[in-house]
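Please work through the exercises below with the sequence and the model open beside you. Each task is followed by a solution that goes step by step.

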Amino acid sequence: MTKAFRIPWLLVYVIAYLVFLYLPVLLLPLFSFNDGTIVAFPLKGFTLKWYAQLGQQDTLLQAMVNSLIVGSVTALMATSLGLFAARAYVRYRFTGRELSEGLVMLPLVIPGIIVASSMLVLFISVGLKPSLTTVILGHVFVALPFSVSIMKSAFDDFDQSLEEAAFDLGESVVGTFRRVTLPIVAPGIVASLLVTFTVSFDEFVLAFFLSGNSPTLPVYIWSQIRFPAKLPNTLALGSLLLMSSVLLLLIAEYFRRRSTQSSD
Amino acid sequence: MAGVLRSDTGKGLILSAPATLYVGLLVAVPLCILVAYSFWTQTYVEIDRTLTWANYQEAFTDPLVRHLIIRSVAIAGAVTLATVCLAYPVAYFIAFRTKKKTLWLLLITIPFWSSYLLRVFSWKLILGFNGVMNSALISLGLIQEPLTFLLYNEFAVVLTLAHAWAPFAILPIYVSLQKIDRSLLEAATDLGCSKLERFVRVTLPLTVPGIIAACLIIFIPTVGDYVTPALVGGSQGKMVANLIQVQFGAANNWPLGATLSLLAMLSVACVAILFVVAVTALGRRIR
Amino acid sequence: MSEQIIIEIQGVEKRFGSFVAVSDLNLTLKEGEFFSLLGPSGCGKTTALRIIAGFQDHEEGEVRIDGRTMGEVPANKRPTNMVFQSYAIFPHLNVGDNVGFGLRKSKLSRKEIKDRVAEALEMVELGGLQDRKANELSGGQRQRVALARALVMRPKVLLLDEPLSALDKNLREAMQLEMRRLQQKLGITFVMVTHDQYEAMTMSDRIGVMFAGQLKQVDKPEVLYSQPCNREVASFIGGMNFLDAEVMAENSETLEVTVQGFGQMTIGVNPNVQVHDKELLVGVRPEQLEISAEKPEGYDACVQGEVSDVAFYGESVHYYVRIDGLPESIAVAVPNYFHTVDHSRGDTVWLGAQSASVIDLGKRETLGGDK
């Protein structure tokens, strides 16, 4: 059977779209190795010096530590809240379930500037000075929808008779959770931890309003963007962040898949 | 009491309570305080707690505020339209034209797990006067002088945000395309529809829920976006969030900032509700 | 089977809101018995099983297992174990750890657990598969692992929730025989829930038939077949032609009846029927009717009719015969001894019935009375 060759327009479009998506993301690493201070073609030559300089900047390292602290605590808090809530949504039919589910997803659709300004006002009103604590409280708020939806899909694929079987075989309620529920949803928990960590690690507007004198990494980068002389360093830093984010997310995706595949 | 705790309702409420309360309190309480602030005024470093409409008067009479809110809504609308239109064919491709769906979905989402700030910044580098785009075009000999219309205007804001929101449009539309029972499409063909008719009369109407979801999830946060207009918007591309930030920052006028936040939220809600009502009404008329 | 009573259920009732899932359930099971709860989906049989297991609380009544009142005893403390419909094989554990799951809580040593697991796997013919991963098992193997995992606990009662419904037909039939053999060897009481009448009949010592939350009849398979207590049970166990009849005279053992279409006969009183009335319903099994071109000799009642449909089943041929004055065709099943289909549509045939095969089904219910 012969068929006249037709240009697959849709495929061409989709590939062009992919280029559009990846262009800004791949540009940073490209120019971070460029031996020149101006981000423009043609490229000047390969260098690692911008990366090497990063290690000598104390404020940067402090911001990095701040971001790691905020990210870790946020991940733990959001994932624990999400774990219990998701379990309730999937397992129990109760009055107010839909209302609660909708409310928990709300942070996804509130403009960041409004979350940021209203939280700043709240924390000042109750006497909480802007600090890492206030950033964490804000980040848990925006990370929660991610954690809840990841944990929900982990519990969705979880056959309830597995818990009943464990209970039937003589395990206690706590033992059943530890020996059956937890191991099976563990990949989901890991995925949630990684995603919420990344959300917090990359978040800028809230941190900008709430971090006070202890900037997180994105706030630090924001302060550096203004200075053209610092541009190559910022590029190097950005590339490092990009790569670590993508790496974390790929790991998270791997665990999320395992959580949905293992229980069929 | 013990009975309630052992029932499904009891267990469900207890397990979901921490998350619900956390979000509920962090939405409701700041909103109340914001409302309170909007009726107060700032006198230098002190807050004057006498209730007054002064902030609202200022917001409504100042042409800059009105202009910024209208521009924010307009830019957000343009961003939403551009993002959804650009994304629809991609979602369609993943849903109908490829077997490796998860791989494609992963490919689409990976760029968005990098810092939003950095992606916007990267666009600034691409579109700048001495930026990547201009230097590349000059190196290729396509242009002699750098193009100036690329950066610091509404176009730059729309382009950057259409990039930033891509997965939020692709994913909901993909899900609604994926849900379509393939036999419906075969039935439409069987009943004499051409490919284009089939798309307009069956596929498109069935993806309306996904399109609405995509529009809302893009439009609402975009109205309040801060980073993009600040980095690539220039003076033409400033939006309401930048003004709000100024009130909470340099201008140190929190009551006015609170008022602007509330007004921004209100206009977002109005436009969103109008949009949903209009689309639903339109949907009924088509049927 | 001993005469020792192992399960006693008295007046158990379970409601979900206003819906009565199980009403006034009374049941006594003996040690070593294979008992099936049979009924259509939604009849409450699974709820009843889950009440015995302790997964479902109940409003009224009492469950006693092995002489102990269960009351608030939770599922993990009951001397019962369950084979779940989905088998509920733990996906994160291998076969050996699945089977040994419940033994971890016992005081057995590692070695003893290992031996018990091996023994249980031998029993279900999966010897040596301890290290096999859960997701590498076939449907039949999952079922065996579920069985071994429950049996290794040495329960007083094994509960099975539609244990074979996930298997395909051939495997299901093989497993029916195998499970029956296993049960007889171990002497443990099995309580199985099923909607498959053949499965229930081939495996069970006794069957309880449930409809709409009520246990209608508990009997041996052959009694359920020959003396069903009402129309519902009769139609759920095998096929049945229902005919209206009128009682002319009766004594304690026999009824003198006029059966619609077939005329006068003397039939035995069905001891399982609760209410008799002048307006009687009787039933005749399709396989117990004679069909021939000529009027058959030696039958208590003969009637002429016209073949309206023929269905070839392989092992048997079903003829549907229209008889003047009867609202529905009469089904007749003929074993396919000689690979022949003797009558075709439109043929005039004779049906012959023995009065011994006409079953008394008690008072005729008006439509819409008892579903």
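**Exercise 1.** What pLDDT does chain B average?

Solution. This is a predicted model, in which local features need pLDDT of at least 70 and side-chain atom pairs count only at pLDDT 80 or more, while totals for chains, interfaces and linings use all residues. Residues are numbered from 1 along each chain as its sequence is written, and chains are lettered from A and ligands numbered from 1 in the order in which they are written. With pLDDT being the predictor's confidence in each residue, from 0 to 100, chain B averages 85, and 96% of its residues score at least 70. Among the elements of chain B, helix H4 (residues 63-97) has the highest mean pLDDT, 91, whereas helix H1 (residues 2-6) has the lowest, 52. Where pLDDT is low, the predicted coordinates should not be read in detail.

**Exercise 2.** Describe the side of chain B that touches chain A.

Solution. Counting two residues as in contact if their C-beta atoms, placed from the backbone, lie within 7 Å, 70 residues of chain B are in contact with 68 residues of chain A. The elements of chain B that give two or more residues to this side include helix H2 (8-38), H4 and H14, and H2(B) gives the most, with 21 residues.

**Exercise 3.** How many residues of helix H14 of chain B are buried?

Solution. A residue is buried if 20 or more other C-beta atoms, placed from the backbone, lie within 10 Å of its own. By that rule 7 of the 9 residues of H14(B) (residues 240-248) are buried, among them B:Val240, B:Leu243 and B:Phe248.

Terms used:
A residue is buried if 20 or more other C-beta atoms lie within 10 Å of its own, exposed if 12 or fewer, and partly exposed in between; C-beta atoms are placed from the backbone. Helices (H or I, at least four residues) and strands (E, at least two) are DSSP runs, numbered from the N terminus.
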